[in-house]
2 protein chains.
Amino acid sequence: MKKILFISGDNCDDSEIQYPLFRLFEEGYTVSIAAKEKKPISAKHYLKVDVDLTIDEICASDYDALLLPGGMAPEKLRQIPKVLEIVNVFFNENKPIASICHGQQILISAKILNGKKATCYPGIRDDLINAGANYVNEQVVVDGNLVTSRRPEDLPYFMREFVKLLG
Amino acid sequence: MKKILFISGDNCDDSEIQYPLFRLFEEGYTVSIAAKEKKPISAKHYLKVDVDLTIDEICASDYDALLLPGGMAPEKLRQIPKVLEIVNVFFNENKPIASICHGQQILISAKILNGKKATCYPGIRDDLINAGANYVNEQVVVDGNLVTSRRPEDLPYFMREFVKLLG
């Protein structure tokens, strides 16, 4: 039974947290959602999403893969050193990392994108390029164990590739 | 390439139209969304969903399966005779029908539930029973080619069974 970690927070995009969560449930995986505080996340539009643990409580080795939803949460999360450490643990252990939309702001700050082929929300495209990524404008981009997409409309393609990678 | 028909309208539940739509895209199926008018559906909370055809334009034999999202749209749709005719065509041709939450109000009015094992949103449970259904309180209920669920939180289980049925 694979265990997947999500890191998110208030004002995340509703679809970008719910679709992956439900999709992984459908596959029978276990998902744990971490946020700064252990209280339900209020997504940008209306959803409330239960939080399983705080970021401080995360032990990266407990999980097989990491998923970063977008929205306005990543701009706060990228300022938390523990979040960046966790991303680096997954990256260095070659565990799958999936990131969509503004989730890639966390990957930029974690300094793991240099030389990586990736995509992101158009508004942060130049930041992705400045972080050394090989930016491409596609629904989903897979480079090794890194899966990236641009926006909510890409979720079907994003999750198709992430589920394939999880095996 | 299987073709799936959705019938919905304004104030449908956001997740109950988006999750099935994206999930079927992920499988490579074609989805056509029908509504009373050919203008984007405004879901209950925030989503806008493109409409492909009007209910008047539906030719049931063009599709392999039918899906009815919930929310507040079904209470209007059940009053449209053509909607009930279409449901009966799918039912009589033994094509898969998936319905969630308040979508089952349409099935009640289409008079196809007598003797069928099914579930629905708790608020319309008594109506389902009065329509002759064998009501059960489960995440997802499959009776032949009929798949029913209770609410948005059931979507992973609803779509797991529906995708399985589509083959």
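Predicted model: local features only at pLDDT ≥ 70, side-chain atom pairs only at ≥ 80, totals over all residues.

Modeller: Chain B superposes on chain A by a rotation of 180° with 0.0 Å of shift along the axis, at an RMSD of 0.0 Å. The two copies are therefore related as by a two-fold rotation axis. Look for Tyr19(B): in chain B, its C-alpha is the nearest to that axis, 3.2 Å away. The copies meet through the same surface, because 100% of the interface residues of chain B are also interface residues in chain A.

Now for the rings. Searching the whole structure turns up 4 aromatic pairs over all chains. One of them is Tyr19(A) with Tyr19(B): the ring centres are 4.8 Å apart and the planes sit at 40°, so this pair is tilted. Tyr19(A) belongs to helix H1 (residues 14-26) of chain A and Tyr19(B) to helix H1 (residues 14-26) of chain B, so the pair joins two chains. Tyr19(A) counts as buried, at 2% relative accessibility, and Tyr19(B) is buried with a relative accessible area of 2%.

Next comes Phe22(A), whose ring centre is 5.7 Å from that of Tyr19(B); with the planes at 70°, the pair is edge-to-face. This pair joins two chains as well, since Phe22(A) lies in helix H1 of chain A and Tyr19(B) in helix H1 of chain B.

Conventions:
Residues numbered from 1 in each chain as written. Chains lettered and ligands numbered in written order. Heavy atoms only, no water. Least-squares fit on C-alpha atoms with pLDDT ≥ 70 in both. Contact = heavy atoms within 4.5 Å. Phe/Tyr/Trp six-rings, centres within 6.5 Å; stacked < 30°, edge-to-face > 60°. Helix = DSSP H or I, 4+ residues; strand = E, 2+ residues; numbered from the N terminus. Buried < 20%, exposed > 50% of the residue type's maximum accessible area, 1.4 Å probe, protein only.
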